[in-house]
Amino acid sequence: MLASIGLSLLGVAFFALLWPVIDFLRDRRGLRKYPVQNLLSGVTTLAYNWEIGRRHKTLRTRRLYEAHQEKGPIIRVAPDWLSFGTAAAVKDIYGHKSPLLKNEVYFALQGEGQHLANMTDKAAHASRRHLVAASYAPKNVETWEPKIADLAGVLVANMDKLCTAPLPKGLLPAPRDLQFDGSLWGLLFGFEGVCQIGLSLKLGFIEQGSDVFTLRRPDGGSTKINAIETLHGYYGPVASLIWDTKTFSILKPLSGIFSKWYARGRQDRFDAGEQLDDLFQGMLKDRRSGERPDVNQTDRIAEMDQMFNGAVDGTGSSLVNTLYYIVKHPEAYKRVRAEIDEALGPDDVIAPWDKVKNLPFLKACIDEAGRLAPGVAGDLPRRTPPGKDYMVAGVAVPGDTSVSISAYTAQRDPVIFPDPEAFKPERWLIKGDDHLKKMLDVYLVFTMGSRMCMGKSVTVLIQSVYLATLLHRYDFALANPDWVLEKVEFFNQWPKSMPMKIWRREWQTTNGVSV
Ligand code: HEM
């Protein structure tokens, strides 16, 4: 009896292992002609999980980019998934007119509720987007700015304490002077800034200089957590497992665990009659009709999950990367500083939005840092419509196949971005032809089309105020000119520590007194 059960199990296991190989050999989709990313990419999606999860000295998006350089413009990254390597694919996959839907990975990401980024039904997505559009509208910057200005004030008070003596020209900072961790403060500011605009949630990260937060548990008790560390600890395994949508279900019960607690706190404030001007408010009370909208609490929790992922990570890592590239490139540093100094007076301690919202070179630095190091680095797979071929970059892709091009790769296409590895903010300021349009047409940091990021105005405000405030008041130096910022990448890119020397600039105030 036992022997026959054993044999049956062996048979099932053998078939389960063999079937993908048979399927690969049958090649019903005709994808075998494309080079594979690794030996198993044509056979099992686990090959993709492996690429995400494995430790390697080169980051995953970089490896994929290099694989495209070596193997060609189309690579099979999973049995039914093609990765593209030329910017020509961007519009076909993500553009306004693209009929492609998000692929099944986004289904897998749906826990009990759905958020905008993982909704796959077009009508439901359009209706949710319409509902929250008024909350995200750029005109709300006026209500968001005081929150960010207050935060920047606390930041400055802390930065002043980290300042060391000015660095004499031509010298390197002493190791003991590398007091400012540009990654830590950037991530903290991004997280706190987004939470204040999104949820009116004051975390106290900038006051305390750490991500420790006390969560109120549903049972009335409280738990201290390292918020950023905890989220990254969760999203690391998620990003590695999610692609194998069946295996991922074991992690699903964990999704939303913290968002539930944050959402409860926000809901309590609403129930107590507080009318807060934040992004969450629109899901509690329709900003147009004043009615209670058709969004349940599980969906609100899901929206928060999305915020604690791309929104805080994207903003935090942009702050870190832009400061890194500026400080590393003396010419850009000088130019952006001159631009900021011209816009702000010596008495402007916190950069007012009104004075920094139209600084072309600062904006170019942010865009260029995003081009080289997109915070949301992972592939955003879309599915071709079933039953017919779909053209991507001039190539017929069979129906019901996943396709993607990572922002990291698209934004290094040398046809659109000559000298692609160089940090050249000035490329965004070239005038006179359709050069800028060509670059924007393939700029994928926020993706594009109907699924484009809704939080761009939020993050642009946070980034402009943070960077202009810091660059106006302080000087920075990395350990040495060759120092390189390291990162961890799962789905988003997380910068590792960036020790810098920080010191107060000296300049003349209007009444001639040096401050
Ligand atoms: C530099 C910062 C940011 C980056 C790089 C970024 C990037 C992205 C990307 C790539 C997507 C598309 C995801 C996909 O297709 O799977 C997205 C969607 C989204 N982002 Fe952002 N994001 C940033 C900041 C924010 C902020 C601050 C918020 C809100 C507070 C936000 C809210 C959203 C929402 C709601 C969506 C879903 C849009 C939809 O599918 O309709 N993002 N973001």
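Val21 is partly exposed, with a relative accessible area of 34%, where buried means under 20% relative accessible area, exposed means over 50%, and partly exposed lies in between (1.4 Å probe, protein chains only). This residue sits in helix α1, which covers residues 2-26; helices (H or I, at least four residues) and strands (E, at least two) are DSSP runs, numbered from the N terminus. The model is a predicted one, in which local features need pLDDT of at least 70 and side-chain atom pairs count only at pLDDT 80 or more, while totals for chains, interfaces and linings use all residues. Residues are numbered from 1 along each chain as its sequence is written, and side-chain values use heavy atoms, with hydrogens and water left out.

**Surface patch and a helix**

- Together with Leu18 and Leu25, Val21 forms a nonpolar patch on the surface, and the three share about 220 Å² of accessible area.
- Patches are made of residues with over 30% relative accessible area and no salt bridge, like charges being joined within 9 Å and nonpolar side chains (Val, Leu, Ile, Met, Phe, Trp, Tyr) within 5 Å, and accessible areas come from the Shrake-Rupley method with a 1.4 Å probe, only the protein chains shown counting as cover for residues.
- Helix α10 (residues 227-241) has 15 residues and reaches 22 Å from its first C-alpha to its last, close to the 21 Å expected at 1.5 Å a residue, the expected span being 1.5 Å times one less than the number of residues.
- Among the buried residues of α10 are Ile228, Leu231, Tyr234, Tyr235 and Val238.

**Salt bridges**

- The whole structure holds 31 salt bridges, each being a side-chain nitrogen of Lys or Arg within 4 Å of a carboxyl oxygen of Asp or Glu.
- One of them joins Arg383 to Glu104, with the closest N and O atoms 3.6 Å apart.
- This pair links distant parts of the chain, since Arg383 belongs to strand β7 (residues 382-383) and Glu104 to helix α5 (residues 104-109), 279 residues apart.
- Arg383 counts as buried at 14% relative accessibility, whereas Glu104 is partly exposed, with a relative accessible area of 30%.
- Lys424 forms a salt bridge with Asp419, and their closest N and O atoms are 3.1 Å apart; Lys424 counts as partly exposed at 30% relative accessibility.
- Lys438 pairs with Asp434 in a salt bridge whose closest N and O atoms are 3.6 Å apart, and both partners are partly exposed, Lys438 at 46% and Asp434 at 42%.
- Salt bridges that share partners also join Arg62, Glu66, Arg412 and Glu421 into one network.

**The iron atom and residues in the α18 region**

- The iron atom of the ligand has Cys453 (SG) as its only protein donor, at 2.3 Å; donors are N, O and S atoms within 2.8 Å of the metal (3.2 Å for Na, K and Ca), and water is not among the atoms, so sites may look incomplete.
- Cys453 is found in the loop between α18 (435-440) and α19 (456-473), and Tyr443 also has its place in the loop between α18 and α19.
- Tyr443 is buried, with a relative accessible area of 11%, and its contacts (heavy atoms within 4.5 Å) include Ile366, Arg371, Trp428 and Met448, when residues up to four places away in sequence are not counted.
- The C-alpha atoms of Tyr443 and Ala410 are separated by 7.4 Å, although the two residues are 33 residues apart along the chain.
- His435 lies in helix α18 and is buried, with a relative accessible area of 18%; leaving out residues up to four places away in sequence, His435 touches Ile416, Arg427 and Ile430.

**Tyr106 in helix α5**

- Tyr106 has its place in helix α5 and counts as buried at 8% relative accessibility.
- Apart from neighbours within four places in sequence, Tyr106 is in contact with residues including Ala117, Asn118, Leu380 and Pro381.

**Positive phi values**

- Most residues other than glycine have a negative phi, and most peptide bonds are trans.
- Ser200, which is not a glycine, has a positive phi near 55°; Ser200 lies in the loop between α8 (182-199) and α9 (205-208) and counts as buried at 14% relative accessibility.
- Asp419 also has a positive phi, of about 55°, without being a glycine; Asp419 lies in the loop between α17 (407-410) and α18 and counts as partly exposed at 43% relative accessibility.
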